[in-house]
Amino acid sequence: MGRTIGIDLGTTNSCVSCIIDEERVVIPNAEGSRTTPSVVAITDDGEELVGQVAKRQAQTNAKNTVFAVKRLIGRRFDAPDVAQARRSVPYDIVEGPNGDAWVELQGKEMSPQEVSALILKEMREIAEDHLGEEIEDAIITVPAYFNDAQRQATKDAGRIAGLTVSRIVNEPTAAALAYGLGEQGSGAMKVAVYDLGGGTFDISILEMTEGVFSVLSTSGDTFLGGEDFDNAIIDWLADDFEMEHGVDLREDRMALQRLKEEAEQAKCELSSAEEVEINIPFVYTPEEGEGPLHIEKTLTRSKLEELVDHLIERSLDPCRTALQDANLRRSDVDEVLLVGGMTRMPRVQQRVGEFFDKQVDTSVNPDEVVSIGAAIQGGIIGGELTDVLLLDVTPLTLGVETAGGVFTPLIERNTTVPCSHTEIFSTSVDNQTMVPIHVLQGERSMAKDNKSLARFELTGIPPSPRGVPKIAVTFQINENGMVTVSARDQATGQEQSVNVVADGGLSDDDIEQIVKEAQAKQEEDQRRKETIEMRNQAEGLLYSTERSFDMYGEELPPDEYEEMAEDIAAIKELLDDASLEELETICTTLEAAAHRLSEAMYDAVEGAGADAPAEGDEAVADDV
């Protein structure tokens, strides 16, 4: 096995690192920079540009220059987040073949995986030029809250770039790995990794003990990052310009690109300065009337904080969720590590410190630490580093749909991976020879409210009464967070399985809202789930009671027989639309009927025994 590089495939910038003689090395590009812009462009003559050279020509080729493509990977074209992105970027976001969000450059439609592959290929070439050797293996980092489809899409991008992706690692986990290496002997530590990058936000709580890194919980928001801070400044500039001149600069591709570049620069400068001058000459030239229009404004740090404070506060909700999932109080956290370029903003550092009531750690380079962690993971896999063990977790709950549309979890979120879990299920109707398996990911009680990952069928089941077949459903998650699901009929050994893979458009459009929605609707979901489960119970009781009634109903007195027949008919009519309270009454009625039928059955058996001739007696025929 050759050298394994670690790549932080970022929304705004990407970085590549490796381990050389057990030392962590961040590899600079040809221009000497240790990070490379995650920008791709296609020129008029069809040349593909990546990195700084692509970023330089963005103003003159705005329509064919793509940035922040990581925000589109695995998202549906009609998702609200994609609609928001379409309004804030100068390039065209189009609907792909499967309804997912793609981009169009020089008339060519490209998936986010293809664009990401160009960036990964550039990072690979940077490493090869520096190391003087061919690179095939890589560790690639992703936001902790990326779902299975988004992780698979990232892995596909690596394969398109000619890389063998040895492992997909969560970004905050990689950061903690880089931060904590060499800390052995310092005792157990609980570290909160607050990762606010260009396009995504993650929070992970980890425990480090003698070289073992255990992820206790993770949460996040896959559409919150530096791009949103830039857009807040863009909207401030554009709204003011529109009020003064009646022109929305966001409708002009070149003007929007210039606003974007100025906003990003102003945001960065205000991390060290108290105010910055924004000058954009000739930003718009009307077809008639006054001459070229310019933007000349002063943006202060306090005004920027006012514009983006809601974004900073939004990042604290996942922090609360992660602490709750880890069963920790804020005071239980020993260190708070800041990762991602946006954590350079003083207001972000201040609010995170206030939230955790601790001095935040800014000792690491937030742009480089993730790729260093990925390289360390590569060193662990390659055997170059042997004193570190990484235990990561799955970000969302996985399960299957069961009778009545209920979501039945098999692997809970924040379960340590790799992992495996098996549960036994059965059929819901008589003589069922096929069982559909619907694989889902999410936190809601009902299947329809969660993300559908895959569907397959287990066939060849021998016809049997409902509830008799035993179907073992197994979920396996590997170290990359990739999922395999299998179903096996225990009687026949018949088995089917599926690798849950991304189709380019299978990602949940609102993945970052899943847990929040689940919490907001927990009471409603619980009642719906209880209703479904009670209906399933009532259907089972009705099934068994009807069978007993057919067999032993005639043993009842005529008035009881008629009353029970009417009750069963009424229940069958009412069952589908019954409320939870009505279903509880139905179950009580059916249980009473089942008990009465049991008594009639035993009475019939005892009566038959009394009429039977005693041993040794002869049966005497009645007279004719």
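Reader: Let's start with F282. Is it buried or exposed?
Author: Exposed, with a relative accessible area of 54%. The cut-off for exposed is over 50%, so F282 counts as exposed. Keep in mind that this is a predicted model.

Reader: Which strand holds F282?
Author: Strand β16, residues 275-284.

Reader: What does F282 touch?
Author: Leaving out residues up to four places away in sequence, F282 touches R258, P292, L293 and H294. There is also a distance for I295: its C-alpha is 8.1 Å from that of F282, and the two are 13 residues apart in sequence.

Reader: Now N170. Buried or exposed?
Author: N170 counts as buried, because its relative accessibility is 2%. The cut-off for buried is under 20%. N170 is found in strand β12, residues 164-170.

Reader: What polar contact does the N170 side chain make?
Author: One with the side chain of R151, at 2.8 Å.

Reader: Zoom out. How many helices and strands are in the protein chain?
Author: 14 helices and 28 strands. The chain has 624 residues, and buried residues make up 53% of them. Take the contacts with a separation of 6 or more: 68% of these come from residues 24 or more positions apart.

Reader: Go to the start of the chain. How many residues of β1 are buried?
Author: Five of the five. Strand β1 covers residues 4-8, and with every one of these buried, it is largely enclosed by the rest of the structure.

Reader: Which residues of β1 sit on which side?
Author: T4, G6 and D8 are on one side. I5 and I7 are on the other. Both faces are covered. In general, side chains in a regular strand alternate between the two faces of the sheet.

Reader: Which strands pair with β1?
Author: β11, residues 137-142, pairs with β1 in the parallel sense over five bridges. There T4 has D137 as its bridge partner. β2, residues 13-20, pairs with β1 in the antiparallel sense over three bridges. There I7 has V16 as its bridge partner. β1 and β2 form a hairpin, with four residues between them.

Reader: Switch to helices. At what angle do α8 and α9 pack?
Author: About 35°, with the axes 9 Å apart. Helix α8 is residues 301-325, and helix α9 is residues 346-356. Their crossing is right-handed.

Reader: Which residues make the contact?
Author: From α8 they include R301, I312, L316 and L323. From α9 they include P346, V348, F355 and F356. By class, the contact has eight nonpolar, no polar and seven charged residues.

Reader: Which residues of α9 are buried?
Author: R347, V348, R351, V352, G353, F355 and F356.

Reader: What covers them?
Author: The cover includes α8, plus strands β13 (189-196), β14 (201-209) and β18 (335-339).

Reader: And just after α9?
Author: There D357 takes a positive phi of about 55°.

Reader: On to sheets. What is the order of the four-strand open sheet?
Author: β21-β20-β24-β25, with antiparallel pairing. β21 (406-411) and β25 (451-459) are at the edges. Each has a single partner strand, so one side of each has no neighbour in the sheet. From one strand to the next, the twist averages 30°.

Reader: How many bridges join β24 to β25?
Author: Eight, and the two strands run antiparallel. β24 is residues 434-441. One of the pairs is M434 with T459 of β25.

Reader: What about the three-strand open sheet? What is its order?
Author: β8-β9-β10, with antiparallel pairing. β8 (92-95) and β10 (108-110) stand at the edges.

Reader: How many bridges pair β9 and β10?
Author: Three, in the antiparallel sense. β9 is residues 101-105. E104 has E109 of β10 as its bridge partner.

Reader: Which helix packs on that sheet?
Author: Helix α3, residues 112-131. α3 touches β9 and β10, and its direction makes about 85° with that of β10.

How values were computed:
Residues are numbered from 1 along each chain as its sequence is written. This is a predicted model: local features need pLDDT of at least 70, side-chain atom pairs count only at pLDDT 80 or more; totals for chains, interfaces and linings use all residues. Side-chain values use heavy atoms; hydrogens and water are left out. Buried means under 20% relative accessible area, exposed over 50%, partly exposed in between (1.4 Å probe, protein chains only). A polar contact is a pair of N or O atoms within 3.5 Å; within protein, one must be able to donate a hydrogen and the other to accept it, and residues adjacent in sequence count only if both atoms are side-chain atoms. Two strands pair if DSSP finds at least two bridges between them. Axes are lines fitted to C-alpha atoms, for helices over the stretch in contact, and angles run from 0 to 180 degrees between N-to-C directions. A crossing is left-handed if the near helix is turned anticlockwise from the far one by less than a right angle, and right-handed if clockwise. Contact means heavy atoms within 4.5 Å. Ala, Val, Leu, Ile, Met, Phe, Trp, Tyr, Cys and Pro count as nonpolar, Asp, Glu, Lys and Arg as charged, and the others, Gly among them, as polar.
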